[in-house]
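Me: I'm new to this structure and would like a close look at one part of it. Could you pick a single residue and walk me through its surroundings?

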Amino acid sequence: MAEPNELPEIDLDVVDILRIALTTDPQGETMISLEMASGQVMNLVFSPETFTKLEALIAKANEAQAQVSTIQ
């Protein structure tokens, strides 16, 4: 069980995504909205700093993937 000050993990089974929308509000928060095949919508809201970190992590993951992928 989670510690009192620790939030529990949330596991979501995503089978298929129909739409992805990316929006930014005037305060700089970015929301990624995922619409699943089931009709469920999941909104992820990021502060500007956190979204910048996410972009950097995705860029590193893409770079690592490109290094291990073979060119065909």
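Me: Where is T30 found, and which residues does T30 touch?

Reply: First, a word on the model: it is predicted, so local features need pLDDT of at least 70 and side-chain atom pairs count only at pLDDT 80 or more, while totals for chains, interfaces and linings use all residues. Residues are numbered from 1 along each chain as its sequence is written, and side-chain values use heavy atoms, with hydrogens and water left out.

Now to T30, which is found in strand β2, residues 30–36. Strands here are DSSP runs of E with at least two residues, and helices are runs of H or I with at least four, numbered from the N terminus. Along the sequence the pattern reads β-β-β-α.

T30 has a relative accessible area of 6%, so it counts as buried (under 20%; exposed is over 50%, partly exposed in between, with a 1.4 Å probe and protein chains only). Buried residues make up 11% of the 72 residues in the chain.

What does T30 touch? Leaving aside residues up to four places away in sequence, T30 is in contact with L22, T23, T24, L44, V45, F46 and F51 (contact means heavy atoms within 4.5 Å). With T24 there's also a side-chain polar contact of 3.4 Å; that term means a pair of N or O atoms within 3.5 Å, where within protein one must be able to donate a hydrogen and the other to accept it, and residues adjacent in sequence count only if both atoms are side-chain atoms.
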